[in-house]
Amino acid sequence: MKRIILTLCLVLALVACQQAPTNDKKEEAAQENTKMSQEGTSPKIGIIQFIDQISLDAVREGFEKEIKSKYPGAEIIVQNAQGEAGNIPQITQKMVQEKVDVILAIATPAAQGALTTKGDIPLVFAAVTDPKGAGLEGKCTGVTDEVDPGQQIDQYIKLFPNIKTIGTLYNTGEQNSRVQVERLEKACASKNLKLEAMGINNINDIPQAMTILSKKIDGYFALSDNYVASGVPLLVKSLNESQLPSFSSEEGQAKKGLLMASGVDYLESGKQAADLVDKLLQGSKIEDLPIEKPASMHTVFNEKTASMLKLSKDQYPQGDNVVVINE
């Protein structure tokens with residue numbers, strides 16, 4: 001009996017020794033599979049930003065933050081066209097060569113330029129006001145920044161009921177800006193206000209244009225125009241010198257010194273665009289993803305500029321969606 005028990009113990013010991021490496025191998029294999037799975041869900045995403053300006057920067061920031069939360073290993077390639085639409089096809093071609101899975105185009109010129117050279121790569125846009133007019137509808141998806149200018153003007157004239165003539169600058173070469181001017185003109189006419197719109201060709205035109213415009217207006221309305229937004233410091237300087245109140249379609253311009261902005265939260269728009277990209281990476285088709293309107297809107301009020309215009313606290317806009325800043 002003792003011999004039998006001893007023999008059984010030896011056999012069990014040998015089996016245990018043989019199983020240990022096998023279990024180790026299974027664990028290694030599981031780790032390798034996990035690693036491969038993670039690599040398989042680490043997409044390569046290209047971002048084309050038309051120009052450096054605070055709202056477009058916010059879109060990119062929101063997008064990258066949201067994508068990284070979903071895909072920590074994602075490779076994100078960012079290219080800036082520096083305000084030159086002619087640079088976009090070349091940037092897009094490079095992304096095609098690098099085999100990105102999806103392209104995010106920030107601003108109308110970026111989306112239009114990428115559309116012509118992207119090949120079969122899915123395209124998502126953000127910070128585009130008029131996708132249909134820009135020729136994007138049905139060919140890609142994204143998040144618009146369209147806001148009713150009539151509602152914005154209503155807020156403006158609550159603060160400044162004596163305003164009769166509103167001025168604005170816009171880039172003559174950007175379809176996105178021309179559409180906004182047309183809508184703003186109709187909104188002003190419906191409220192018995194006059195609109196003085198002056199076109200510019202580049203940022204350097206802003207000081208001279210404002211010297212002329214400031215003599216004709218008693219309030220300024222800033223569109224979500226990429227060139228004008230890039231030159232906000234020049235615009236603010238002129239407005240302050242003329243003691244003109246200002247209102248903007250995008251919060252970034254209020255943060256840079258305009259009095260007030262009521263419109264899109266561009267950080268959240270970037271996150272919305274990231275959700276669309278996520279759906280594409282999970283297998284959805286462009287045609288199954290309709291273009292979305294901004295999900296988050298709020299008002300930003302610049303207290304420092306209000307003080308310069310000698311506004312009292314009781315003249316500040318009220319409401320849960322009002323953010324007062326002092327910059």
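Analyst: E241 is exposed, with a relative accessibility of 57%; on this scale, buried means under 20% relative accessible area, exposed means over 50%, and partly exposed lies in between (1.4 Å probe, protein chains only). The model is predicted, so local features need pLDDT of at least 70 and side-chain atom pairs count only at pLDDT 80 or more, while totals for chains, interfaces and linings use all residues. Residues are numbered from 1 along each chain as its sequence is written, and side-chain values use heavy atoms, leaving out hydrogens and water.

E241 forms a salt bridge with K237, and their closest N and O atoms are 2.8 Å apart. A salt bridge is a side-chain nitrogen of Lys or Arg within 4 Å of a carboxyl oxygen of Asp or Glu. Both residues belong to helix 9 (residues 232-242), where they are four residues apart, about one turn of the helix. Elsewhere, salt bridges with shared partners join E66, K70, D275 and D278 into one network. Helices (H or I, at least four residues) and strands (E, at least two) are DSSP runs, numbered from the N terminus.

The whole structure holds 12 salt bridges. One of them joins R60 to D57, with 3.4 Å between the closest N and O atoms. These two residues are three apart in helix 2, so about one helical turn separates them. R60 is partly exposed at 22% relative accessible area, and D57 is partly exposed at 26%.

Another salt bridge pairs K191 with D154, their closest N and O atoms being 2.9 Å apart. Because K191 lies in the loop between helix 6 (175-190) and strand 7 (194-200) and D154 lies in helix 5, this pair ties together parts that are 37 residues apart in sequence. K191 is partly exposed at 25%, as is D154 at 33%.

The ring pairs come next. Rings of Phe, Tyr and Trp (its six-membered ring) pair if their centres lie within 6.5 Å; planes under 30 degrees apart count as stacked, over 60 as edge-to-face and the rest as tilted. By this rule there are five aromatic pairs. F50 and Y227 form a tilted pair, at 6.3 Å centre to centre with 35° between the planes. Both of these residues are buried. The ring centres of Y156 and F247 are 5.2 Å apart and their planes meet at 20°, so this pair is stacked. Y156 is in helix 5 (residues 149-159) and F247 in strand 9 (residues 246-250), 91 residues apart, and their pairing links distant parts of the chain. Finally, ring pairs link Y156, F160, F221 and F247 into a cluster.
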